[in-house]
Amino acid sequence: MKSLSRSQYILDNMRNAMQPNSHASRRISAVAMAVALSSPLAAATPDERAKALEARMTPEEQQALVHGIMALPIVPGTVMPPDAIPGAGYVPGVPRLGIPALKETDASLGVSYVSGMRKDGATALPSAALMGATWNPDLLREGGAMIGGEARAKGFNVLLAGGVNLVRDPRNGRNFEYFGEDPLHSGILAGAAVTGVQSAGVISTVKHFAVNAQETGRQILNSKIGEAAARESDLLAFEIAIERGQPGAVMCAYNRVNGDYSCENAELLDRTLKRDWGYPGFVMSDWGAVHGVEAAIAGLDQQSGAQLDKQVWFGAPLKQKVASDPAYAARLRDMNRRILRSMIAANVIDNPPVKAAIDFEKNAAVARRVADEGIVLLRNRGVLPLVAGARSIAVIGGYADTGVLSGGGSSQVAEEGGPAAVIPMGGEGPFAFLRSAYFHKSPPLAAIRARAKGAAVTFNDGSYVADAARTAARADVAIVFATQWMMEGYDVADLGLPNGQDALIEAVAQANPNTIVVLQTGGPVLMPWLDKTAAVVEAWYPGARGGDAIAAVLFGEVNPSGKLPVTFPASYDQLPRPRIPGWDTIDKSFDGTGNEGKLLDVDYDIEGSDVGYRWFARKGEKPLFPFGHGLSYTDFRFGDLKLSGGNSLTARFTVTNSGKVAGKEVAQAYLLSGPQGTTRRLIGFAKVDLKPGESKVVTITADPRLLAQWDKPRHGWRLNGGRYAIGVGGSSADLPLTGEAVVAPRTIAP
Ligand code: GLC
């Protein structure tokens, strides 16, 4: 017999008892029924239970859940509650009603290390850029479950994961926290990651809502973007991620959108998120992103890190508003119901976290599997995979003898006992302590030595270019590691490799034609030395076992299957904004204190919804490397395309491994043109694992919103009837299969 949850059991009994003249009905008195209904377990759904629970809150208790603190002793005067765990946030609960405090930790790549203030480490997933390069939602669900499990084992019940902003600027210092530049790709992957996190019994977020596309001036930035452009790009990524992941919370961003701060933007929070999309969860602010009590009426439900704001707006000011304004009183009840509903839905009330041991070896293996599938082979002139026969290998630069690079800021993870190395990157102000480059304990050099049977492997740290070149000249193969460190709060000045690494690569490649470049970057970089190299591998920030993953790809133990989630431009002139807006005019410190009273408008209507590869297609520009690009050690062939139209569009085709080794291919389908003219939009993808000679049939059905336009007057999607041209292949720039199908006109609700 199907086991019933306790609340379902009570409900069923109550339903039976409600039958007229049933034996049970005479037994259950009105009083018992009232008691049963008042018990939080009586209401079956999270919404009903939340409503029942909220109805029992006293006015004082109603104030508890709607504002929290940053649970770190950084801001003077912060009083840490006795049960708080040092981490991102703490929101008091209501013990009388069995409502636990919310104990919040960052972030998308694992439980953040908070500079060791908690004296415990965690398992670092690779960067979200690498996760985006896997194009593998199942793997990301597994990764999310792993970091969610670690958060729970440490006693947290909220993991502030799910960064899903689109990469609009390749210099954005948080690109390593985001999945890529396409709304479907990012939405599907973020949704999977969030599903994984919440499967572990903690609440996840998606963030930062919305159009938060550069770090320079993030607190004074005003993202200017038309409704249709936003709905078809950044908002669509959030919409898909929320539909698929059902995150308990959405975190609004620091920046303004079309004039209003994101965290008090009724168009975003109330009309789009809650009314159009029917989002049932709660909106939490970013830390220090609330500017007034009015944010509550606009749709904000919880003020986070309140000691970073000018006031605890959702404390006394909100209480006063509630006492005098019924609209605020009604809003406060809704705020509590939303927060409770998400706590119930994520099971953090019925099954609160219990501190537990963590199997770090098992979890590191998850991080390794993600890294294996997200490393991208950009270029290979036959030098890879390194056959074990290479007699001498020079390994140069990039701290390859120490570990692998990771990104900085609130998402920084470090392992038990701390990182392999911490390199201060300088900086001033109360958050300067965040400006350090962490290297995880997975040195590529050791992993290469373990695989280079019999070869002499020499390491040169790359500090002196001529010396490194001489080391390279004496070896059969030179592997030069190059790093680009990124961190929250700061964009990178340009897309060159910092600290003279371009010159180092140039000299090494000049000295040895068998030069392999291994990049550990937050996002795209320029490659002035590209034509002189034999191979280029993009390893992003590869996580807790990144060194092993890099070596496994170099030696062919893993056949690379990563595909670029972002376009690598060939020059700044190809970008919608060749210069980072505000770079030369505003205070670029972490908290931007010198920008008081300033406003930095950024016009995203230049590209609108044509982000990344769509912009390059619209301008007819050829990038350095295109979105969706990635090489393999085998070959894949596409064939037998059949398209069918009607209410949407379905593409069915075969993918064959025509090479000699097993491999994974990411089959991609793009809209090339329709009644509205030529365009380029990813409408679906599938990652297939094929043995040599094996074929698989792939079927992709386009979400009709990807074929449609947002119709502002109608406030919905309009899909024009007519002929739609589709391309299918292994990259946005390599679509060997094309065809057309007729799609019927229709409108789609927002
Ligand atoms: C930050 C970040 C956000 C993070 C929060 C808590 O400044 O923008 O991503 O979750 O604060 O640390």
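Which element gives the most to the lining of the second largest pocket? The answer is β16, with three residues. Before I go on, please note that this is a predicted model, in which local features need pLDDT of at least 70 and side-chain atom pairs count only at pLDDT 80 or more, while totals for chains, interfaces and linings use all residues. Residues are numbered from 1 along each chain as its sequence is written, and side-chain values use heavy atoms, with hydrogens and water left out.

Let me stay with the pockets. A pocket, on a 1 Å grid over the protein atoms alone, is an open set of points where a 1.4 Å probe fits, with protein on both sides within 12 Å along at least five of seven lines; lining residues have an atom within 4 Å of a point. At least two lining residues come from each of β14, β16 and α18; helices (H or I, at least four residues) and strands (E, at least two) are DSSP runs numbered from the N terminus.

The largest pocket holds about 1,000 Å³ of space. Of its 47 lining residues, Gln219, Tyr254, Trp287, Gly288 and Leu308 lie nearest the centre. Two or more residues of this lining come from β4 (203–209) and from β14 (436–440). The lining comprises 20 nonpolar, 15 polar and twelve charged residues, where Ala, Val, Leu, Ile, Met, Phe, Trp, Tyr, Cys and Pro count as nonpolar, Asp, Glu, Lys and Arg as charged, and the others, Gly among them, as polar. For the second largest pocket, the division is 19 nonpolar, 16 polar and nine charged.

I turn now to the aromatic rings. There are 13 aromatic pairs in the structure; rings of Phe, Tyr and Trp (its six-membered ring) pair if their centres lie within 6.5 Å, with planes under 30 degrees apart counted as stacked, over 60 as edge-to-face and the rest as tilted. One of these pairs is tryptophan 135 with phenylalanine 627, tilted at 50° between the planes and 5.3 Å centre to centre. The two residues are 492 residues apart: tryptophan 135 is in the loop between α6 (128–134) and α7 (137–153), and phenylalanine 627 in the loop between α20 (613–619) and β20 (636–644). Tryptophan 135 is buried (under 20% relative accessible area, with a 1.4 Å probe and protein chains only; over 50% is exposed, and partly exposed lies in between). Its relative accessible area is 0%, and phenylalanine 627 is likewise buried at 0%.

Arginine 435 lies over the face of tyrosine 490, 4.3 Å from the ring centre; the criterion is CZ of Arg or NZ of Lys within 6 Å of the ring centre and within 35 degrees of the ring normal.

Lastly, the search finds one disulfide (a pair of cysteine sulfur atoms within 2.5 Å). Cysteine 252 is joined to cysteine 263, at 2.2 Å from S to S. The disulfide is right-handed because the torsion about the S-S bond is about 110°. Both cysteine 252 and cysteine 263 are buried.

How values were computed. Points joined across faces, edges and corners; volume = space filled by probe spheres on them.
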